[in-house]
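Let's take a walk through this protein model together. Keep the picture open while you read, and look for each residue as it comes up.

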Amino acid sequence: MTAGRGFIAIALVIFARWNPLFAIAGALLFGGAEALQLQLQAAGADVSPFLMNMIPYLLTLLVLIGWGSNRRSAARQHSAEPW
């Protein structure tokens with residue numbers, strides 16, 4: 001992964017909680033944020049390009065904060081080894 005997109009990939013795994021439907025929804029959400037940022041830059045929005053580059057990462061953090069209210073890990077439930 002380049003340009004910090006590894007962070008978004010890890011966030012997608014955390015968001016999905018081992019559920020493929022959540023993984024698809026998260027990929028569409030995070031990819032949409034990236035596309036929005038590119039569209040706003042192409043439209044010539046009067047905002048700093050550095051702030052525009054932060055949009056996908058800020059959305060990722062906000063989603064993880066909102067999604068993290070349930071502290072129980074799905075990975076622990078699906079693990080073959082007992083804890």
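## A nonpolar patch on the outside

Phe 7, Val 47, Leu 51, Met 54, Leu 58, Leu 61 and Ile 65 form a nonpolar patch on the surface, and together they have about 640 Å² of accessible area. For a patch like this, residues need over 30% relative accessible area and no salt bridge, and nonpolar side chains (Val, Leu, Ile, Met, Phe, Trp, Tyr) are joined within 5 Å, while like charges are joined within 9 Å. A salt bridge here is a side-chain nitrogen of Lys or Arg within 4 Å of a carboxyl oxygen of Asp or Glu. Accessible areas come from the Shrake-Rupley method with a 1.4 Å probe, and for residues only the protein chains shown count as cover.

Helix H3 (residues 49-67) gives the most to the patch, with five residues. Leu 61 sits in helix H3, and with a relative accessible area of 42% Leu 61 is partly exposed. The cut-offs are simple: buried is under 20% relative accessible area, exposed is over 50%, and partly exposed is in between (1.4 Å probe, protein chains only).

## What you're looking at

This is a predicted model, in which local features need pLDDT of at least 70 and side-chain atom pairs count only at pLDDT 80 or more, while totals for chains, interfaces and linings use all residues. Residues are numbered from 1 along each chain as its sequence is written, and side-chain values use heavy atoms, with hydrogens and water left out.

The protein chain has four helices and zero strands, so its pattern along the sequence reads α-α-α-α. Helices (H or I, at least four residues) and strands (E, at least two) are DSSP runs, numbered from the N terminus. Of the 83 residues in the protein chain, 18% are buried.

## How the helices pack

How do H2 and H3 run relative to each other? The axes of helix H2 (residues 20-42) and H3 come within 8 Å and cross at roughly 160°, so the two helices are roughly antiparallel. Axes are lines fitted to C-alpha atoms, for helices over the stretch in contact, and angles run from 0 to 180 degrees between N-to-C directions. Under 35 degrees counts as roughly parallel, over 145 as roughly antiparallel, 65 to 115 as roughly perpendicular, and the rest as oblique.

Helix H1 (residues 5-16) packs with H3 at an angle of about 20°, their axes 10 Å apart. That makes H1 roughly parallel to H3. H1 passes H3 in a left-handed crossing, while the crossing of H2 and H3 is right-handed. Left-handed means the near helix is turned anticlockwise from the far one by less than a right angle, and right-handed means clockwise.

## Some buried residues

Met 52 is in helix H3 and counts as buried at 4% relative accessibility.

Now find helix H2, where Phe 30 and Glu 34 are located. Phe 30 is buried at 5% relative accessibility, and Glu 34 is buried too, with a relative accessible area of 17%. Phe 30 and Ala 9 are 21 residues apart in sequence and 9.2 Å apart in space, C-alpha to C-alpha. For Glu 34 and Met 54, 20 residues apart along the chain, the C-alpha separation is 9.5 Å.
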